[in-house]
Amino acid sequence: MSGFYVPTKIYTGESAFENLKNYPIHNVCIICDPFVAKAGMIKKPLGVLESMGATCHIFSDITPDPSTDLVSKGVSWILEKKPDTVMAMGGGSAIDAAKAISYMYQKINGVEKPLCIVAPTTSGTGSEVTSFAVITDSKTHAKYPIVDDKLLPCIAMLDPTLVRSVPPAVTADTGMDVLVHAIEANVSTAATDFSDALAEKAIRLVRDYLPRVYRQGEDMEAREHMHNASCLAGIAFNHASLGICHSIAHVLGARFGIPHGRANAIVLPYVIEYNAHMYEKHFQTDNRAAKIYAHIGIIINPGTYVGPQAVRNLTIAINKLKKDLDIPMTLRETGVDEKKFMDMVPEMAEIAIQDKCTATNPRTITKPQMVELMKRIYNGR
């Protein structure tokens, strides 16, 4: 048996924050990245909250790939404030940090879960509707996903004006993250008809709107649809989980500082080929993953493709999209030192296999296979 539920209330549109007035908010801790605080994005929710008479505290010491040390610092801060509400504003790092800080606050203080509100300022992570938070160990630099329903936000504010000024490179990286979330959720061993419906819709939205918003950031129609696509894909993978594309991207980000969405985009075509058995001499689409990839390939690039060619069509379409978005095809192209990478491959392969996302990958993978796959990702085919 399986279940499907979306406990997070989702408000969309440029007036989304007005819905805060429907909640008894008195003492709120706002956790955001420095850019959000300095750029004035925070003024929109602050105006609404202050009109309600709420007391607002701001923590903006967020850094990329939030560490255990950062979470500890945030927990010490929130323990002093004792909020009834926690609001996260920013990209994936700020949201993951806020979710982890709120989570630890509940554990340490033994309090009920504060009202958790998330307002994403990038269209990519889907973290506003997931029970995941990825935190980096300050000592080992390994990334660890925390998974608990207590991490699920109560409210998501999808205000497209918050992503209007996102730079093209970030738009590309986060947009590809949406695509990877949707595709991995679609082929996950835990996928259902419900998660598939959301994942496929997210794929169609990325197909139609990511190239548009990359070329013209002021295209608010495209911005809104990509913001919605991110949320849809987030709901899909929150129920179906992900696969080894994310497992590998996690370790690449931790070891080499490659932005998460970009790492996912680089890795994706190679993982598709592995999962669909395209390395095998007599490749046929008689396995579940290959059939799903073939279907996705037709969604992204409609045509009269069948069988193995439909899967190849998917990898070709993804690589074309990456080229249009100026995203590297291989790790070598990112400037990662070859000797350093190859020396670290055995250890990274082990870490990737142990990643929680690997459990729902549609094809099992051994350490030798992971090593070979990682080398292929570095060098290309």
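## Helix packing and ring pairs

Author: Helix α6 (residues 193-215) packs against helix α7 (residues 220-240) at an angle of about 150 degrees, and their axes are 8 Å apart. That makes α6 roughly antiparallel to α7 (under 35 degrees counts as roughly parallel, over 145 as roughly antiparallel, 65 to 115 as roughly perpendicular, and the rest as oblique).

This is a predicted model, in which local features need pLDDT of at least 70 and side-chain atom pairs count only at pLDDT 80 or more, while totals for chains, interfaces and linings use all residues. Residues are numbered from 1 along each chain as its sequence is written, and side-chain values use heavy atoms, with hydrogens and water left out.

Some terms come next. Helices (H or I, at least four residues) and strands (E, at least two) are DSSP runs numbered from the N terminus. Axes are lines fitted to C-alpha atoms, for helices over the stretch in contact, and the angles run from 0 to 180 degrees between N-to-C directions.

The crossing of α6 and α7 is left-handed (the near helix is turned anticlockwise from the far one by less than a right angle; clockwise would be right-handed). Among the α6 residues that meet α7 are Leu198, Leu205 and Tyr209, and the α7 side includes Met226, Leu232 and Ile235. Contact here means heavy atoms within 4.5 Å. By class, the contact of α6 with α7 has 16 nonpolar, 2 polar and 4 charged residues (Ala, Val, Leu, Ile, Met, Phe, Trp, Tyr, Cys and Pro count as nonpolar, Asp, Glu, Lys and Arg as charged, and the others, Gly among them, as polar).

Helix α5 (residues 168-187) has a contact with α8: their axes come within 9 Å and cross at roughly 140 degrees. The two are therefore oblique to each other. Asp177, Val180, His181 and Glu184 of α5 make this contact with Ile244, Cys245 and His246 of α8. The residues divide into 3 nonpolar, 2 polar and 2 charged.

The axes of α5 and helix α10 (residues 288-300) also come within 9 Å, crossing at roughly 140 degrees. This pair is therefore oblique, and the crossing is right-handed. From α5, the contact uses Leu179, Ile183, Asn186 and Val187; from α10, the residues include Ile292, Tyr293 and Ile296. Here the division is 8 nonpolar, 1 polar and 1 charged.

Now the rings. The structure holds 5 aromatic pairs (rings of Phe, Tyr and Trp, the last by its six-membered ring, with centres within 6.5 Å; planes under 30 degrees apart are stacked, over 60 edge-to-face, and the rest tilted). One of them joins phenylalanine 59 and tryptophan 77, with centres 5.2 Å apart and planes at 35 degrees, so the pair is tilted. Phenylalanine 59 lies in strand β3 (residues 55-59) and tryptophan 77 in helix α3 (residues 68-81), so the pair ties together parts 18 residues apart in sequence. Phenylalanine 59 is buried at 4% relative accessible area, and tryptophan 77 is buried at 13% (buried is under 20%, exposed over 50%, partly exposed in between, with a 1.4 Å probe and protein chains only).

Phenylalanine 256 and phenylalanine 341 form a tilted pair, 6.0 Å centre to centre with 40 degrees between the planes. Phenylalanine 256 lies in helix α8 (residues 244-256) and phenylalanine 341 in helix α12 (residues 338-354), so parts 85 residues apart in sequence are tied together. Phenylalanine 341 is buried, at 1%. Ring pairs link Phe256, Phe341 and Tyr378 into a cluster.
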